[in-house]
Amino acid sequence: MITAEKWIDMQENLLIEDICTLVRIPSVSEKTENVEMPFGKNCLEAIKKACEISERMGFQSYNHENYCASMLWKGERKAEIGIFGHADVVPAGTGWSGDPFCPVVKDGIIIGRGTSDNKGSFLAALYAVWYLKEAGWKPKHSIRFWFGCNEEAGMEDIEYYAAHYKEPVFSLVPDVNFPVCNGEKGVLELDMSRILISRVLKGFESGIMSNAVPADASAELKTSEDEAEKLSQNGAVVERMESGMYKVSVKGIAAHAAFPENSESAEVKLAKLLLDCEVLDPEGCALMEMITKCFSDYYGAGLGVPYEDALSGKLTHVGGIARYDGTVFRQNINIRYNVTAEYDIMIEAIRARAAQFGFVLDQIRDSKPCFTDPESPVIKALLNSCNSHLKMQLAPFVMGGGTYARKLKHAVGFGPGIPNKEKRFGDERGGAHQLDEYVEIAHLKQAFLIYADALQKIDQLDF
């Protein structure tokens, strides 16, 4: 039997091409009224393409009413082990070194939106299943590989599946770092608003996604040429508009809302600039003071919830999207809260903090935390497989990111990210949800080996 190492070396070019094929589809999930494509044409195309790839490997694929799709490899038992990946991506944003949906393969990496999160990641796991079939391995459990297309924008795809189909007895979600993510913080998304009229501030805009630190922010001001020049001299890009109006823009450093470290919120940066340059009236200042006081830190203090626990660390929060049309200021907030947080107390503290600035909470969307005992046999099996291949002594972890694992009864995040590896483009670029997102081909091949080994180990367990 050919070894997994030799097999993946032989399939490397095909793996790269499959990743590039999926990345070329700009599958940003969007709301539609079309029941034939609930998350948009591109997302439907992406999951159909994933099914084509699995069928080429010899597996049977299933379309689940265009909400999602899956392939099934039947084992000795009907009970399934699941692997859940997503083919949708966050919007690309501006500032890439090339076209985000025209993948570039060079220097051992693939650059493009979705290469890491999550198209390259789930393909590494899918190739592991393919290898096991080709090598003649006979699974005890059936293997269900599932493709979603709304993970980045609400996870309605997996909610639909869980409501209409039987879940696997245990599932892996290849959407994190190794070794094993045995828990996820709660994900709380809030919308708050305030009516306010300013004679100077006429518009404000930042962010494109709730779950990302905003990389761009702009404001429209009715002000003098001297004031506009002051803003320009202090680092803003200033564009003259009609009749005494100016557009003021700044750049920040994007990051995933669950991992805001080393980022810079463009919204906060612009708010501080407008305050420091003293170009606003009291009403405009009130809005900018709210932004700076609520979002200058990432760990809950600005919202009155500086929570932390031993199991999951610090609560994190970001101001994801802000819009002001001259009448109503609307602010979106994305919070990743501790597994031990008391939800009702947290909400009341945030509501009270918002009220201090004249805001009311309009909508609250909550996804509860999930947690699996790190001493359970399945966690130990996954950990053993991972550490033996990576030659490390890594421990299970709880993270702030939200994956499909939180929507399933029995699931954990498992790779394919290799921890503590040098970033090619530094902290500002290259990561999930960042500009020039990329994946290391060597890391995917290493993850492939771990998946192939781990699946054989957990298949021996009784769930």
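Biologist: What are the ground rules on numbering, pLDDT and atoms?
Modeller: Residues count from 1 along each chain as its sequence is written, and side-chain values use heavy atoms, with hydrogens and water left out. The model is predicted: local features need pLDDT of at least 70, side-chain atom pairs count only at pLDDT 80 or more, and totals for chains, interfaces and linings use all residues.

Biologist: How many of the residues in strand β2 are buried?
Modeller: Strands are DSSP runs of E with at least two residues, helices are runs of H or I with at least four, and both are numbered from the N terminus. Buried means under 20% relative accessible area, exposed over 50%, and partly exposed in between, with a 1.4 Å probe on protein chains only. Strand β2 spans residues 68-73 and is mostly covered. The buried count is six of six.

Biologist: Which residues of β2 point the other way from Cys68, Ser70 and Leu72?
Modeller: In a regular strand the side chains alternate between the two faces of the sheet. In β2, Cys68, Ser70 and Leu72 point one way, and they are buried. The other way point Ala69, Met71 and Trp73, also buried.

Biologist: Which residue of β2 stands opposite Ser61?
Modeller: Two strands pair if DSSP finds at least two bridges between them. Strand β1 (residues 60-64) pairs with β2 in the antiparallel sense over five bridges. The two form a hairpin with three residues between them, and Glu65 in the turn has a positive phi of about 55°. Opposite Ser61 stands Met71.

Biologist: Which residue in β6 stands opposite Ser70?
Modeller: Strand β6 covers residues 142-148 and runs antiparallel to β2. Six bridges join the two strands. Opposite Ser70 stands Trp146.

Biologist: What geometry does the pair of Tyr127 and Trp130 have?
Modeller: Rings of Phe, Tyr and Trp (its six-membered ring) pair if their centres lie within 6.5 Å; planes under 30 degrees apart count as stacked, over 60 as edge-to-face and the rest as tilted. The structure holds 27 aromatic pairs. In this one the centres are 5.4 Å apart and the planes stand at 80°, so the pair is edge-to-face.

Biologist: What is the relative accessibility of Trp130?
Modeller: Tyr127 and Trp130 are three residues apart in helix α3 (residues 115-134), so about one helical turn separates them. Tyr127 is buried, with a relative accessible area of 0%. Trp130 counts as buried too, because its value is 10%.

Biologist: How many residues apart are Phe414 and Tyr451?
Modeller: These rings form an edge-to-face pair, 5.7 Å centre to centre with 70° between the planes. Phe414 lies in the loop between β24 (411-413) and β25 (416-417), and Tyr451 lies in helix α10 (residues 441-459). Phe414 and Tyr451 are buried. The pair links distant parts of the chain, and the separation is 37 residues.

Biologist: How far from the ring centre of Tyr343 is the charged end of Lys368?
Modeller: A charge sits over a ring if NZ of Lys or CZ of Arg is within 6 Å of the ring centre and within 35 degrees of the ring normal. Lys314 sits this way over Tyr299, 5.0 Å from its centre. Lys368 sits over Tyr343 at 3.9 Å.

Biologist: Which strands stand at the edges of the eight-strand sheet?
Modeller: The open sheet has the order β14-β15-β13-β11-β19-β20-β10-β21, with antiparallel pairing. Each edge strand has a single partner, so one side of each is left without a neighbour in the sheet. The edges are β14 (237-240) and β21 (360-367).

Biologist: What angle does helix α6 make with β13?
Modeller: Axes are lines fitted to C-alpha atoms, for helices over the stretch in contact, and angles run from 0 to 180 degrees between N-to-C directions. Contact means heavy atoms within 4.5 Å. Helix α6 (residues 266-276) lies across strands including β11 (201-206) and β13 (216-222). With β13 the angle is about 30°.

Biologist: Which residue in β15 stands opposite Val238?
Modeller: Four bridges join β14 to strand β15 (residues 245-251), and the two run antiparallel. They form a hairpin with four residues between them; Ser243 in the turn has a positive phi of about 45°. Opposite Val238 stands Val248.
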